[in-house]
Amino acid sequence: MKEISVSNKNVRVRFAPSPTGWLHLGSARTALINYLFAKNQNGTFVLRVEDTDLERGDLAFLQQQINDLKWLGLSWDEGPDPDTQKDQGSYKPYLQSQRLPLYQKCVHQLIKMDKAYYCFLTDQEIDQMKKKALEEKTPFRVNSPYRNGDLQQAQERIKKGESAVVRFKVPEVKKNYVIEDIVRGKVTFPSDMVGDFVLLRSSGLPVYNFSCAVDDYFMKISHVFRSEEHLANTLRQMMIFEAFNWPLPVYGHLSLILGEDRKKLSKRHGAVSCNEYKKQGYLPGALLNFLALMGWNPKTEEEIFSLSELINSFSLKGLNPAPGVFDKKKLNWINSQHLKQVTAESLWEMLTPYFKQKGLIFPNSSSWKEKAVLALRSSFSSLEEAVEVFSVLSKNHFEVHETAKDILKWPSTIEVLNEWKIFLKSYASQEVSPEAFTKACKEIQKKLGVKGKFLFMPIRAAVLGCPQGLELKLIISLIKRDVLLKRICSLQKK
């Protein structure tokens, strides 16, 4: 693939979401690649909002998308202010719904240049064309009788109240349109792939390809990084650029993100919106780290990156056209590595809202909290997952699992539990040290002649409520002796 030259002074990229839903992982990955390239090149990252879909658009979705971008740490240089949504930048407005006069001006210019025309075809007539093409097994192309109609007559019809769209005149002479895609290399589009396409709806609103091309030019966008799904839109946009004699931006169509079943990532694969991962307790840096590695190769064995490290390491050569596969286990591992880099104090602050929601109660001691975090931080991969791990330390939370009830049926279990209770009652301190716990287990083993699972599973059931789970030596000193006594009494009643 031909090397793309980059000028630091001129790099301007944009992320242009449509406020018709949540910010999904694929969109977040697109925003991230644009952001990394801009920051790596000391360029400008623009947030532009494609909000002309009035039926599905909602400003509440826009605010949520802005909130998600803020949470991820992807701050933009130009676009709606993250708090007020007021435009910040030299190329405002950044909401397409506020740029309609510009689109009207451009489309009238194309009409005057005889490169666009008013089309009065009805939906029923177009449906008939589609039906005929299907019957004849030929590609559907709009064949409008108004392509070479009289402009003055068309304008008079519109004045009388008739509805018309504005269509682009696709050149009659077939030619190839070629781009050097940063990700995919040379891509060729035959001009007859499309027929005369709509630029402006009868409502006066622009279609996506027209507003996108116009805005990319007037906002001086130098590079367009977007999903592979937009590759099909490129030909129409290239035709619009050519009609105005505008210079094309450099394109890079990013690979799709697939589920583990190798199908396009969707709701059936679980949470796919950034907000859901935020709720589940994934760190924004970890999610960015994970997304960056889907479709981009850092050319190193290292897999854990901070955002600043991603910026410094980013290179266009690392972009890969092969689809990225969403691996939940990989995400969990990356998140766990990022969690380990957080101080114990900060991690407890992150965990506190999750504990409160579950109603867990812990000692209000900073030293106890630090000790608990250091002991358990390797046992969970998300903040939400940590709730179950830490729940065994809560004085008001003790659940006896079915597997523990089975252990109560073992002949030696009653004696083991009685000896464990005797040890706890005789222990002077509220904090059972790991050394004291080990010594007690050895004494019970010697006195009763039990060992292995017949010794440890009953004790684990008395402490945790189940025979498997955390290593008792790690957490025994984190549960007060009185709480341990209360738990064994509860277990013996089962």
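E162 sits in the loop between α5 (151-159) and β6 (165-168); helices (H or I, at least four residues) and strands (E, at least two) are DSSP runs, numbered from the N terminus. With a relative accessible area of 36%, E162 is partly exposed (buried means under 20%, exposed over 50%, and partly exposed in between, with a 1.4 Å probe and protein chains only). Leaving aside residues up to four places away in sequence, E162 touches F120 and R157, where contact means heavy atoms within 4.5 Å. R147 is 15 residues from E162 along the chain, and their C-alpha atoms are 17 Å apart.

A quick word on what you're looking at: this is a predicted model, so local features need pLDDT of at least 70 and side-chain atom pairs count only at pLDDT 80 or more, while totals for chains, interfaces and linings use all residues. Residues are numbered from 1 along each chain as its sequence is written, and side-chain values use heavy atoms, with hydrogens and water left out.

Now for the helices that pack against α18 (residues 453-464). Axes here are lines fitted to C-alpha atoms, for helices over the stretch in contact, and angles run from 0 to 180 degrees between N-to-C directions.

| Pair | Axes | Angle |
|---|---|---|
| α16 (residues 413-426) and α18 | within 9 Å | roughly 60° |
| α17 (residues 434-448) and α18 | 10 Å apart | about 130° |

That makes α16 and α18 oblique to each other, and α17 is oblique to α18 (under 35 degrees counts as roughly parallel, over 145 as roughly antiparallel, 65 to 115 as roughly perpendicular, and the rest as oblique).

On the α16 side, the contact is made by T413, V416, L417 and W420, and on the α18 side by F454, L455, P458, I459, A462 and V463. For α17, the residues F437, C441, I444 and Q445 meet L455, F456 and I459 of α18.

W420 and I459 turn up again in the largest nonpolar core, which has 109 residues; L319, F390, L393 and I475 join them as those with the most contacts inside it. A nonpolar core is a set of buried Ala, Val, Leu, Ile, Met, Phe, Trp, Tyr and Cys residues joined through side-chain atoms within 4.5 Å. Helix α1 (residues 25-40) gives the most to this core, with nine residues. Apart from this core lies another, of 41 residues, including L200, I221, L235 and M238.

Back in the largest core, L393 touches I361, F362, W368, A372, L376, I475, L478, I479 and R487, not counting residues up to four places away in sequence.
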